[in-house]
Amino acid sequence: MADELTPQVPPDQPRIGVDEWVASVEGKRERYRGPVGWLRRGWDTAPAGARLLAFVIPAAIFPLVTTEGNLFRYGLITLLYALLGLGLNVTVGFAGLLDLGYIAFFGFGAYTYGYVASVHTGHHWPAVPAILLAIAVAALIGFIVGFPSRRLVGDYLAIVTLFFGQAFVVFVNNGDRINFWPFNRTDLTGGANGLDNIDPLKLFGWTVNTTKEYYWFTLGAFLLVIILLYLVSESRTGRAWKALREDPLAAEVMSMPVNRLKLMAFVFGAAIAGFAGAIYGSVQTGAFPGDFDVGLLITIYAIVILGGAGSLAGVIVGALVVNGVPELLRDPNQAEWVFYTALVLLVLTKVRPWQKLVTVVGGTLALGFALVAIADAWFPRWTAGEPNTGKLAHWVSHWMLLPSHATQIANWAYALTIALILVLTLLRGWWRTIVMIPTIYVGAFAWENLLVEQTVGATRFLLLGALLVVLMNARPQGLFGTARVEIV
Amino acid sequence: MAATQPLLALRGVSKSFGGLTVISDLDLHVDEGEIVSVIGPNGAGKTTLFNIITGVYRPDEGEILLEEQSIVGLDPHQVTNRGVARTFQTLRLFLNMSVRENVMAVQYGRTKSSPFEAMLRLPRARREEREIRQRAEEKLSFFGQRLVGYRWDQPAYSLSYANRRRLEIARAMATEPRILLLDEPAAGMNPAETQEITELIGKLREEGRYTILVIEHDMHVVEGISDRVVALDHGVKIAEGSFDAVATDPRVIEAYLGLRKAETK
């Protein structure tokens, strides 16, 4: 009996066994190929300071090469979103708490700043104490909301915080006629009209006025917050947050006060949102109830999840995509480029092996040119439409049917595109490859004849939605997230 | 029994869930430097016993003394800070953190610097961070070739089953406990690995100077390591003493094999 149990190999020597095999598989999965792999490896091995520089240098050059309007739309708003994303990343990404009332803290920041620095109330505090107060108020309210709900997990916390977020909107809508002691007929929030004429930030005699100045200020604020958060995430507190996200019971038994840590993450997130809110209030010189609704909450969640929950770099990239893409799509000419680049990239990366890729690309091109040739010869009405301005649209017009008065037929093409995509998901193998050809063509037809003219309105959000679906399918863990393993 | 006060003592501890009594009037003590094994058939209340000691459940009655101080009613993290650390029968590692981070994270209770100190990189935060890292590497080194350096930065989910068990023990060690509670450390291991665990537990006492309370089903392991064995059945202590005495106790055999088999033996 005892002989059977004697190990064949002395236990203090390494053996080639299951462990090494698992490690090697992991290694292979992590080894990316091609230029993307080269970039990823470089990124993974770069020190944190170098990664930050990879963001700071382009961000610092941007205002020097762009116009005031573009700086506002692409630069300042992206930075504000990213700053908001950083706070949400603490609550959701680090600690794993589903906080759906997050935007309310942003609102408290904006309203607090507006209350102490605007024509509305007659106070005109300088920026430093006003911002500190906004952060403190947001953090305090975060504490008040978080304290009773710190024992809640998952869905229950989501319900409570969602209610809180909605209550905030109701509160600011009605906060103009508070009438009980000690507030006798006090106007706190300006009601449905909001607080207007909020002061610009006044920093030690320097007044932040132009978009460029606001950009620099917000960039500085963002860098400060991201560096501080990086230092926290690498400390005992950051590790404890990650541990409680992984397994709250094990974290509690392993000496981490889970409830206190949750509350801490909640308050941290709220404080950062308050900071962002104060800047936002001064940027748009007002705070209005409609700015702090569920729409913004979803945008910020999209940023954090797209970038990869828990990743600081991911927040920046998420904000760039979620804010930048719809802005790029405003201009039909730019939208044209975005659409075809995305289409080509999608086909190139997703259609394999090369035989199928050649079939799809060749088939789609051939189909287009053939249809245009046929239409030119026998049905001139089908190519009578005017191509849009811009070089790309001009090239495309050789390949794409452009009927005159196309609205009706393009509507049908749009519906047909959706139907064909649904069919695609049901097909496998070569059938999928073959059906892909008309799908792409009909989709491009709907784009050229209908969607590209409406880029300012619905189209850009449609495309943003499609882009998010594709990106999240390609990388469910987010662009900079690491794939999380739940059960192995 | 013991001349000095025991390190851990349970006096008259009971726990029931609804109408089901899981632990009933249990007395148990573990002396400094001892290895005590708890055995018993499935459902005997062994893991519940661990959950009660670590504060996951609160006992209905009775008291639990660690170095003569009651730990009843403390939160689990407070119990751990007093010097009780455990492993889990169903592994509960922080799977998506690296091996090293797993062992670093559990030193939260031993350190004090606030997040603000970490933000400003004040001396205390920097010193503690250094100590945390050092202690993590020291504890992982305890397992020699098994958890060697190149694995430290891999995520915990990439470890094999046996290595996950080792990492759980390393993680418990990193809280610097007075007493280690090991919940079936050899479960699911092959004979060679089981042998290794037996030696490891011996080494934990000799080199690590830990006091150990262990739940184990594998009788070879129990025989190899135990100073004393406690047998539970339906939450009641049915035997206690040396391995030979408990293994031949008719009530223990009955609990494991049934009454008829016990009579014919």
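In the predicted model, helix α5 of chain A passes helix α12 of chain A in a left-handed crossing. The axes of α5(A), which spans residues 68–94, and of α12(A), which spans residues 258–283, come within 6 Å and cross at roughly 160°. Because angles over 145 degrees count as roughly antiparallel, α5(A) and α12(A) are described as roughly antiparallel to each other.

On the α5(A) side, the contact is made by F72(A), L76(A), L80(A), L83(A), L84(A), G87(A), V90(A) and T91(A). These residues meet A265(A), F266(A), F268(A), G269(A), I272(A), A273(A), A276(A), I279(A), Y280(A) and V283(A) in α12(A). By class, the contact of α5(A) with α12(A) has 15 nonpolar and 3 polar residues, and no charged residues.

Charged pairs were examined next. Side chains of opposite charge can pair when their charged atoms come close. Over all chains, a search of the whole structure finds 27 salt bridges, among them a salt bridge between E176(B) and R135(B), in which the closest N and O atoms are 3.0 Å apart. This pair links distant parts of the chain, since E176(B) is in the loop between α6 (161–173) and β7 (179–183) of chain B, whereas R135(B) is in helix α5 (residues 123–141) of chain B, 41 residues apart. E176(B) is partly exposed, with a relative accessible area of 29%, while R135(B), at a relative accessible area of 19%, is buried.

E176(B) also forms a salt bridge with K139(B), for which the closest N and O atoms are 3.2 Å apart. Because E176(B) lies in the loop between α6 and β7 of chain B and K139(B) lies in helix α5 of chain B, this pair ties together parts that are 37 residues apart in sequence. K139(B) is buried, with a relative accessible area of 7%.

A further salt bridge is formed by R228(B) with E240(B), the closest N and O atoms being 2.4 Å apart. R228(B) lies in strand β9 (residues 228–233) of chain B and E240(B) in strand β10 (residues 236–241) of chain B, so that the pair ties together parts that are 12 residues apart in sequence. R228(B) counts as buried at 6% relative accessibility, whereas E240(B), at 29% relative accessibility, counts as partly exposed. Through salt bridges that share partners, R228(B) and E240(B) are joined with E34(B) and K237(B) into one network.

Technical notes: Residues are numbered from 1 along each chain as its sequence is written. Chains are lettered from A and ligands numbered from 1 in the order in which they are written. This is a predicted model: local features need pLDDT of at least 70, side-chain atom pairs count only at pLDDT 80 or more; totals for chains, interfaces and linings use all residues. Side-chain values use heavy atoms; hydrogens and water are left out. Axes are lines fitted to C-alpha atoms, for helices over the stretch in contact, and angles run from 0 to 180 degrees between N-to-C directions. Helices (H or I, at least four residues) and strands (E, at least two) are DSSP runs, numbered from the N terminus. Angles under 35 degrees count as roughly parallel, over 145 as roughly antiparallel, 65 to 115 as roughly perpendicular and the rest as oblique. A crossing is left-handed if the near helix is turned anticlockwise from the far one by less than a right angle, and right-handed if clockwise. Contact means heavy atoms within 4.5 Å. Ala, Val, Leu, Ile, Met, Phe, Trp, Tyr, Cys and Pro count as nonpolar, Asp, Glu, Lys and Arg as charged, and the others, Gly among them, as polar. A salt bridge is a side-chain nitrogen of Lys or Arg within 4 Å of a carboxyl oxygen of Asp or Glu. Buried means under 20% relative accessible area, exposed over 50%, partly exposed in between (1.4 Å probe, protein chains only).
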